[in-house]
Amino acid sequence: MKIYDAIIIGAGIAGLNAAASFGEDKEVLIICKENSWDCNTFYAQGGIAVPYDEEDIQVHIEDTINVGATLCNREAVEILCRDGRVAVDDLIDRGFQFDKGEDGTLHYTKEAGHSRARILHAGGDASGRCMHHFLMQENQHALLYNSTVTDLLIEGEICHGVRVYHKGTFRNYYAKNTIIASGGVGSIYKYHTNARSISGEMQGLILEKGGKLRDMEMMQFHPTVFIHNKGARKQLLTEALRGEGAWIVDEDKKRFLFEYDKRGPLSPRNIVSSSIFDWKKKTHKQVFLSLKNFEKEFFKKRFPTIYFNMKDLGFKLPADEIPISPAFHYAMGGIETNLDGKVLNFKNLYAIGEVASTGVHGGNRLASNSLLEGLVFSKRAVDNICSSKFNFELKVFSQEEEVLVKDGDKVLKDELRELMWENAGIVRKRSKLEQTLQRIDQILEGDIGKLLRLRLKTSRKIVKSAIYRQESLGAHYILN
Ligand SMILES: Cc1cc2nc3c(=O)[nH]c(=O)nc-3n(C[C@H](O)[C@H](O)[C@H](O)COP(=O)(O)OP(=O)(O)OC[C@H]3O[C@@H](n4cnc5c(N)ncnc54)[C@H](O)[C@@H]3O)c2cc1C
């Protein structure tokens, strides 16, 4: 029986960079659902935040903590910003090309919540796609795609590997270490910007195995999303647009955001999202992203993904205003880990990237800090694994699995997405949260498949955490 040094669940930036950090001499298996590019990393637009220079490290730390609304773990943030510069320089040394300005030096842009320009980008607004492509080209390890991890083979505090569903059959894969890099929870919300494969099942599984999730009420809603395209994944309009001059206006061209915060469109995401929500409700007016400050040729070169995607949807940019709405975007909360990515309560199980909660984002993520988190904490987890002398006797598990999907699950899944959007979304009410909790419990008692059950468990934790936190804080906005 083959025993890998590590199994990595997920082929986004966290999973692929973990694989790269192992080196060729280790036996590593990466597993992902669907195609390797169906991940949030691939869709990241704006770029990666990184301290501009030595002096900026402290400022980046403070910006992250300010936006994180008192919930950040300072130590985690210090690691993110200190190791972040090293991680990005390492990526550049490995051959990755960030965009450069006309003078040939790296071009840094600004996004909301950052007190200076410190976002590096690639391919204009195709930063994630370029990074994913680079990491895939660099990858030396086995990658099993079209494969869903349905169980963690855990006994006591030890994880022996994973059970995988692939082309109609289940198979167990064994490893000395297992790293969960499966991303956030997008698909449990009706409107979201995430890849199809991102559905929060691993978070539910961790709960069933006795692990902990932290800060699950902290869900980030991106303020500028075009939600009228077909398909579950909605069209994001990156924060960098506002950083470089886009306005948010209503039907009367009023820049109403200044009535909520003096930073206007450059306020942190939670403020912009809840202000748009409130303005729409109060005035019954549509809200738009106005790009009129951009010159056409510059716009096409700097934001080609948005230019062409929106062209396909009938918009002529930058002339046309785009109707926008907030949509679910990013999970600050996740599987509770220590600063080396080790999942609490287990000996050889790690979680990195968006699925994890090290406390680095607190109650609200500073824009473009998540790709950086993926790079920094994947490396730390691998360093920890490589320096650890933990040994155990491997146990063989049955390959039998429960039914993954049952008749009727699709309808209930859609109901859950609607409930989560309406009641556990941008603005929450206690009574609605309580009703949602009751309905989730009712569905959980029914005859449902395992994948839906795991989504429901994750959703339940979001709702319970939202009920538990009585005051609005960070991304959690509650009206009693
Ligand atoms: C549209 C968009 C734009 C963004 N822009 C930015 C940006 O500009 N800057 C920034 O810093 N952040 C940005 N973000 C956030 C950032 O992209 C993500 O937080 C980050 O890429 C997450 O990386 P990850 O490796 O943790 O997970 P992902 O890249 O989401 O990868 C998750 C992987 O896990 C796999 N997986 C999931 N469940 C299972 C399972 N059960 N079995 C097997 N495999 C599984 C998936 O197939 C996938 O391969 C953006 C996000 C979106 C959606």
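Trainee: What are the bounds of domain 1 and domain 2, and where do such bounds come from?

Mentor: Domain 1 covers 221-328 and domain 2 covers 409-479; they are called domains because an automatic or database domain assignment sets the bounds. The model is predicted, with pLDDT of at least 70 needed for local features and 80 or more for side-chain atom pairs, while totals for chains, interfaces and linings use all residues. Residue numbers start from 1 along each chain as its sequence is written.

Trainee: How far apart are the C-alpha centres of domain 1 and domain 2, and how many residues does the contact take from each?

Mentor: The centres are 28 Å apart. Six residues from domain 1 and six residues from domain 2 take part in the contact, which is called a contact because C-beta atoms, placed from the backbone, lie within 7 Å. On the side of domain 1 that touches domain 2, helix 8 (residues 269-283) supplies the largest share, four residues. That side has three nonpolar, three polar and no charged residues.

Trainee: Why are strand 1 and strand 9 said to pair?

Mentor: Strand 1 (residues 3-9) and strand 9 (residues 169-180) share six bridges in the parallel sense; at least two bridges found by DSSP are required, so they pair. Helices (H or I, at least four residues) and strands (E, at least two) are DSSP runs, numbered from the N terminus. One of the bridges is that of I8, whose partner in strand 9 is I179.

Trainee: Which other strands are joined to strand 9, strand 8 and strand 18 included, and in what sense do they run?

Mentor: Strand 8 (residues 158-166) runs antiparallel to strand 9, with six bridges, and Y165 has F170 as its bridge partner. Two residues lie between these strands in their hairpin, where K167 has a positive phi near 45°. Strand 18 (residues 349-351) runs parallel to strand 9, with three bridges; there A351 is the bridge partner of I180.

Trainee: What makes a residue part of the shell around the ligand, and which are the closest?

Mentor: A residue counts as near because its C-beta atom, placed from the backbone, lies within 6 Å of the molecule. The ligand has 43 residues around it, and G10, G12, G46, G183 and G353 are the closest. Elements giving two or more residues include helix 1 (13-22), helix 5 (127-138) and strand 7 (147-155). Helix 11 gives the most, four residues.

Trainee: How many residues of the shell are nonpolar, polar and charged?

Mentor: The shell has 18 nonpolar, 21 polar and four charged residues. Ala, Val, Leu, Ile, Met, Phe, Trp, Tyr, Cys and Pro count as nonpolar, Asp, Glu, Lys and Arg as charged, and the others as polar, so Gly is counted as polar.

Methods: Contact = placed C-beta atoms within 7 Å.
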